[in-house]
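Subject: Structure handover

Hello,

Here is the structure you will be working with. My notes on it follow below.

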Amino acid sequence: MSFPQGLPSKLPDVGTTIFTVMSRRAAEQGAVNVGQGFPDYPIDPRLAACVGDAVAAGFNQYAPMEGSVALRTAIVAKILAAGGRAVDPETELTVTCGGTESIYSAIQAVVAHGDEAIVFDPAYDAYDPAIRLAGGRCIHIPLNAPDFRIDWQRVRAALSDRTRLIVINNPHNPACTVATAADLDELAAVVRDRPITVIADEVYEHVQYDGRAHQSVMNHPELLHRSFAVYSFGKTLHITGWRVGYCVAPPLLTRELRKVHQFNAFSIAAPLQAAIALYLQRHPDAWRTVAAFFSAKRDLLLARLAGSGLTLPPAQGTYFQLADYSGLGRGLADCNDVQFTERLINEAGVAVIPLSPFYREPPTGMRIVRLCVAKRDETLMEAAARIGAYTAGQ
Ligand SMILES: Cc1ncc(COP(=O)(O)O)c(C=O)c1O
């Protein structure tokens, strides 16, 4: 078969994600990689042991489409222990291929041709393409530095008869902010009496700092009836490569999500589901250490970068930290964020992520990059030392 005009692309503007590009560049340059969000430290050996136990116990064939009973039972217990509601594992919980597949399947389930879906920029990169593949129109509402709060008046103004979905991300990657109870009330007021569902990307639910408490749509009296809440063991148990996540949604939404999921991923790696279930049975409090673990890493990075000339508003949540470089010397402060990132990788040997690719229309003059704190202390200290030496020499 030939395509004289080229193969028509359904996503002509989509290239390789900035995360992959920066990780590849970091490897080429031998740079310290504090860009892409994945841990560079070993996982809990007790969790690793559970994989061997699961394989030996025979969990090697197709798992149930909606997720193994043992894992769904363990998840329900974890949600309850974290102060959440009693989720029905039969009708309200689906195990998916990471949080990403929950998001994709939820979008395909509720967005039809010509529908509109609202996302907030800077936005995690999986939302917009999934909305467009569903035939929807993605409406991008910008959040502005330095506080990146949602302007609810602007959201109201963006609503139309075709609005079917609003995607929120809390805690927010890459803004590193967390939503307040008032934000969820505003969202509930916006969607009240309208045919709009909500996807709440809550993959960093346990990564909140300085005593902040997670505000979940799952616990909101109105939003829980119309929301898909998305979670990821990649974030909570430091296993991004296992690709195990889950979605909590009321029965009506779960039914529709599963229709997509069963022809998309179908079911998730059986031994990995069994291993996580086993681990949570043996160590039901494992997730409780996550906030303190990352908070110590955030504080280490902040302390080590203190004299670097970067402005570092302490992250409220997620395992990222933003750095504003507008206070550096003109040579660097005049660079846009992509140029600055290039210079850091080439001249300082440190890979970070620019913020503008998270926007459809990047704000002019934004001078912010994102660093990942889910790294060994030595990695963070080396990255900070290299950045400090570099900025001092400019
Ligand atoms: C905001 C956000 N949502 C979703 C995901 C995807 O999670 P998973 O790796 O479980 O697919 C990520 C991963 O980086 C993320 O940062």
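Which residue of β7 does Ala200 stand opposite? Ala200 stands opposite Ala229 in β7. Before the rest, the conventions.

This is a predicted model, in which local features need pLDDT of at least 70 and side-chain atom pairs count only at pLDDT 80 or more, while totals for chains, interfaces and linings use all residues. Residues are numbered from 1 along each chain as its sequence is written, and side-chain values use heavy atoms, with hydrogens and water left out.

Strands around β7

Helices (H or I, at least four residues) and strands (E, at least two) are DSSP runs, numbered from the N terminus. Two strands count as paired if DSSP finds at least two bridges between them. Strands of a sheet pair through backbone hydrogen bonds, either parallel or antiparallel.

Strand β6 (residues 197-201) pairs with β7 in the parallel sense over four bridges. On β8, β7 has four bridges as well, and these two strands run antiparallel. The bridge partner of Ala229 in β8 is Val248. Val248 also stands opposite Leu93, and β2 and strand β8 (residues 244-248) pair in the antiparallel sense over five bridges.

Buried means under 20% relative accessible area, exposed over 50%, and partly exposed in between (1.4 Å probe, protein chains only). Six of the six residues of strand β7 (residues 227-232) are buried, so β7 is largely enclosed by the rest of the structure. Both of its faces are covered: Ser227, Ala229 and Tyr231 are buried on one side, and Phe228, Val230 and Ser232 on the other. For strand β2 (residues 93-97), four of the five residues are buried, so β2 too is largely enclosed by the rest of the structure.

Phe233 is found in helix α8 (residues 233-236). Phe233 counts as buried, at 2% relative accessibility. Phe233 and Gly98 are 135 residues apart in sequence, with their C-alpha atoms 7.4 Å apart in space.

The ligand

The ligand sits in the largest pocket. A pocket is found on a 1 Å grid over the protein atoms alone, as an open set of points where a 1.4 Å probe fits, with protein on both sides within 12 Å along at least five of seven lines. A molecule sits in a pocket if more than half of its atoms lie within 2 Å of the grid points.

There are 13 residues around the ligand, and Thr100, Asp201, Tyr204, Ser232 and Lys235 come nearest; a residue is near a molecule if one of its heavy atoms lies within 4 Å of it. Helix α4 (residues 98-110) gives the most to this shell, with four residues.

- Thr100: a side-chain N or O atom is 2.5 Å from an oxygen atom of the ligand.
- Asp201: a polar side-chain atom is 2.5 Å from a nitrogen atom of the ligand.
- Lys235: a side-chain N or O atom is 2.7 Å from an oxygen atom of the ligand.

On its own the ligand has 390 Å² of accessible area, and the protein covers 93% of that (Shrake-Rupley method, 1.4 Å probe).

The sheet with β9, β12 and β11

Three strands form an open sheet in the order β9-β12-β11, with antiparallel pairing. β9 (320-324) and β11 (353-354) stand at the edges with a single partner strand each, so one side of each has no neighbour in the sheet. Two bridges join β11 to strand β12 (residues 368-372), and Ile353 stands opposite Arg370 in β12.

Gln321 lies in strand β9 and counts as buried at 0% relative accessibility. A polar atom of the Gln321 side chain lies 2.9 Å from the backbone oxygen of Pro313.

Backbone geometry

Most residues other than glycine have a negative phi, and most peptide bonds are trans. The exceptions listed here include these:

- The peptide bond from Asp121 to Pro122 is cis, with omega near 5 degrees.
- The bond joining Ala145 and Pro146 is cis, with omega about 5 degrees.
- Phe148 is not a glycine but has a positive phi of about 55 degrees, and Phe148 is buried, with a relative accessible area of 3%.
- Thr318 has a positive phi near 75 degrees and is buried, with a relative accessible area of 0%.

Regards

Conventions
A polar contact is a pair of N or O atoms within 3.5 Å; within protein, one must be able to donate a hydrogen and the other to accept it, and residues adjacent in sequence count only if both atoms are side-chain atoms. On a 1 Å grid over the protein atoms alone, a cavity is a set of points where a 1.4 Å probe fits but cannot get out, and a pocket is an open set with protein on both sides within 12 Å along at least five of seven lines; lining residues have an atom within 4 Å of a point.
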